[in-house]
Structure formats: C-alpha cells, structure tokens
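Let's take a walk through this model, one spot at a time. Have the sequence and the 3D view ready.

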Amino acid sequence: MFENKTYKRCGCKGPLVHKRGALKGQPKVGADGVQLIGPLDKSCPQLSKRDHGSWYYSIELDTKVEGKRQHAVKGGFKTQKKAAKEAREKYELSRAGIKVLSKETLGRYMTEWLATKKELATTTVPGYERHIRLFIGRYIGHVPLVELDADHIRAMFAAIDAENEARDAHRAQVEALEEQATFWGQVWKEEKPGPDRAKARAAWTEARAAHKAARKMLKRLTDTPTQHRIKATLSSALADAVIAQKIVRNWTELVKLTPYKRPKALVWTAVRIAEYHRTGKKPSPVMVWTPRQTGEFLDAVVEDRLYALWHLLALRGLRRGEACALRWSDIDFEARTIEISKQLVAIASQTFEEPPKADSERTITIDRETIALLLALKDRQDAEREAWNTAHKEKVWKDTNAVFTQEDGGHYHPDHFTYRFEKLIEKNNLLPIRLHDLRHGTAGLANAAGLSMKDISALLGHSGIQITADTYTSTFEEFQHVHAEATLAVVPRATRITAPAPVPVAEPVKTPTPDTTRRQRDAKRKRVRVPVPA
C-alpha cells in the first residue's frame, strides 16, 4: 500500500545532538569533551524557511528482492508537491513491473541491446554503433534508463545543434584563413625583391600554416537526415525496452525534429542544363537522364569492359550490390529472367555476401539485347579464364561464378562501380548523375513505357508502391506534352481555338565535328553484335 513520506533536509553544518535514546536532545561530544560539528540534515532550524533546503521522498515498494523490502529515496525537489508526485509515479511504475531502483544507464543498455540484435543487416550495425558512440552515449548515456524522459532526448538534439553552429563557424574561419593565405601568396609573387617581399612571404607562410592547422580540425555537420536516423536508432532500442518492462514508454515519440523530405529527383531538362552550365551546380542531389541522354551514355561506353553492366543497371534498375553478387546460375537465358537473391555489401574495404531485404528478392525479366550482351560477356569471360590460367601457373583463376568479375575472376568491390561510372561521365563530358540515380532513370523509363506503378515497384524491389511513386518515378517532358494533347482531344468541342504552335525548347545539341562523327561511326562498327536467341 502506498504511503507518502516526504521530508525536508539541507546541507548545513552545526552542533550535533543525539536523536534517539535516553540522550535524545543532548549534545554529541568527542573524546576531548567538545561538541561535534556535522551535517544538520533534517534538524536544521532554518528548514522552516521556504527557500531553505530541498524536499525528499522515501517510499516502500511492493516488490521485494530476496525477501527484503525495497525503498525508493530521492531528493532535490523544490516543493513538497513535486516530491510527492514523483513518489506516487515511482510507486505505480514499480507495481507495473518496472525496476525503478535499477542503476542501468542508457549507454549500457544501448550497448547490450545492439549486441542482441542479430537480425540487423551487416551494413546497418556500423551505423547504429556510430549513433550510440558519437551521440546517444556521449550526450545522454549517463542517464539512468528508468529516469530517461523526452526532455533528455530534446537536450541531446539541442546539444547537437549547438555543436553544428560551432562547426559551421569554424568552417567559415577556415575559409577566411584560406582567403588570407591566397592574398599574401599573391602579394609575395607580385612584390619586387626586397624587405617588403620578404615580409609578404613570411605573412604568406604564417597564414598558410594557420589555414592548414585549422583545416585539420574541420568536422562534418550532423545534418537533419542524420539526426532523424539517430532518433530512429534510439526509438528502436526504447521500443524494445518498453517490451522488456524496463521503461514505461518510448520517449522518442514525444520528440519532434526539423522535418526532412527526401530530395526530389529532377530530370535534366534544357532549362536545368542551361542553369547548370551557368552556375556549375546541380539543381538537385538526385538527377535523372532523359531517354535520349541515357542512350548517349550507353553509346559512349559501348567499348567499356563493363558495358553489359551499365546496360543492365540503366534499363533494369539493379542496385550495385545486387549486380556485384549476380551469378550465372541466377540467369535463365531461355526464359530471359534474372533472379535477385544475393547482394554484396561493403564495410570499409571488406565485402560480405548476404540476402537482400525480403521485398528486394525478385525475378526480373530482361530484353533480348541484354541477353545477347550477357552471352557475349560469358564467352569473353571463358576466354579470360583460359588466358589467365595459361599466363599465371601459380595463381589459378577464381571460380566465383559471378557475372561481372575482374580479370582474375574475383568479385568487384561495389565502390569500383561507383568510381568507374563517375570516370566515364567525366571522360565523355556527360551531364552528372550518381550511379544510384540510374535506378530513378529506370523507373522513369518504365513509367514512360506504360508499366503500372505496381510493376515498377516490383522491378526495383521496393516494399510498396508509395516510395516508388513519391521518390523514384520521374515524368519526361516529351511524354507530358503527349499526355496533355491526348487529354485535350478527349473533350468534344464545337469550336476549337487554334494558336501558333510554340517553338519547343530543345536541349542544346553539340554540332558534331568531322572527328567526333568519325569516332561515332568507328564505335558503331566496333559494337559487338551477337545473334539474338529466338
């Protein structure tokens, strides 16, 4: 039964007296006969004053450990009402099964919780570890788990924001030091030999050293998407803590962060191309090639060793890890299908093969040209195996059964595809997109080809059509005009208002020089042609 016991105490020191027994009220004296001095605790005469001391509670809990009664004691409250309120809350939590006397901290719980999450993907664990080590453990890891509340979590994100401001200010300082070093370097180069030139060189050397030292201290900002991921990690852990009856609720539910919206995928239209050439900045982090631009890319890389890979990624939307793990046994040449059942994931320089998410396991139908390219690739790989084993007697060709392999038969690191793709774009002076943006392009091409949203979602391996519709499907300008005219034609009219057709804004086309025309003609002649299976 709950019994509310609250009292007031302070940290004052003074003459001590006996509190119990026959000597109650008599002075406590030492061996020398002098009255002892010590904490007055609850007997301080100043406690009657409103602003002196603080309130405590001491309650007996219903739960027992090894037959012994348990007491919850806590102080530091400004009013008796607040102490009594928390005493009641602690008692009710105890009755609900929460171990209110537990000393387990949030940091310790998070570490042990992560160690038990065996179902997490290999690539997910390092991110969780980083969130716990750099943020959750650092800012609120010392807080007892049973005492954690939404205010602690809000304080953590407030501290992250404050640190971001400091890092941003430091970044501005580094930029100012760089400008200063550039200025003095220019002065030194332009100054004539003499004392002034020597001073300018000394100033340049000093400014350059200051810039170098400050640059070493640069740290990345913890941006809004990262903060949302930190909150998601903490939320997952606290949800499990609620199930285990360690806490009463998931406090992250009460914490609101700055809203974050995924960057919108934009198509490289003529207007955006012109703006990019003017400013040098991409309109969005996620950019999509038009069908013509995709074709230009494929034509430009037709001689590349990984051409079949680029063709497959651009038209069928595989992830790079799925392409790395693709095996010949996953391809049915007669049915023209590919089974996606594995992916190669990378953590630093190490790679691991693991199943993709359940929704990403899928069967993809491929076109006849892709089949022809894969058959040609298989023939080339067989020739490479024979040549390698002939040239390297001591190092046998690695039989990984992978479709896309290095010269020795080994798997590619997924990062190699990304680096190679960027090099090809730069080499061929193409509009910049990321390798992952090819998946956005695949969705747009499939949409233009008339596939339903459900079919596009299945092609890309999404969990539902919502993410496909919201994030991955772009509509190309040329098809928008066709749809607009088709909608107009559906409505019967007695009178049509005609106007001069507007001059279409086309993407700037480079005038081909004789050299480029010849290179394109030569490339077409060199294109590998393989009989297409019936």
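Start with Asn429, which is exposed, with a relative accessible area of 55%; exposed means over 50%, buried under 20%, and partly exposed in between, with a 1.4 Å probe and protein chains only. Asn429 sits in the loop between α12 (414-427) and α13 (437-448). Its phi is near 55 degrees, a positive value in a residue other than glycine.

Before going on, a word on where this comes from: the model is predicted, so local features need pLDDT of at least 70 and side-chain atom pairs count only at pLDDT 80 or more, while totals for chains, interfaces and linings use all residues. Residues are numbered from 1 along each chain as its sequence is written, and side-chain values use heavy atoms, with hydrogens and water left out.

Now hop over to Asp41, in the loop between β3 (37-39) and β4. Phi of Asp41 is also near 55 degrees, again positive in a residue other than glycine. Asp41, though, is buried, because its relative accessible area is 18%.

As for the elements named here, helices (H or I, at least four residues) and strands (E, at least two) are DSSP runs, numbered from the N terminus. The protein chain has 17 helices and twelve strands. Of its 534 residues, 36% count as buried.

Strand β4 (residues 54-65) holds Trp55, which is buried at a relative accessible area of 19%. Leaving aside residues up to four places away in sequence, Trp55 touches a run of partners, including Thr6, Tyr7, Lys8, Phe77 and Ala83; a contact here means heavy atoms within 4.5 Å. Lys74 is another of those partners; Trp55 and Lys74 are 19 residues apart in sequence and 8.7 Å apart in space, C-alpha to C-alpha.

Glu322 has a relative accessible area of 1%, so it counts as buried. It touches Ile340, Lys342, Gln343, Ser360 and Arg362, again not counting residues up to four places away in sequence. Across the protein chain, residues 24 or more positions apart account for 63% of the contacts with a separation of 6 or more.

Last stop: helix α4 (residues 150-190), where you'll find Asp168. At 43% relative accessibility, Asp168 counts as partly exposed.
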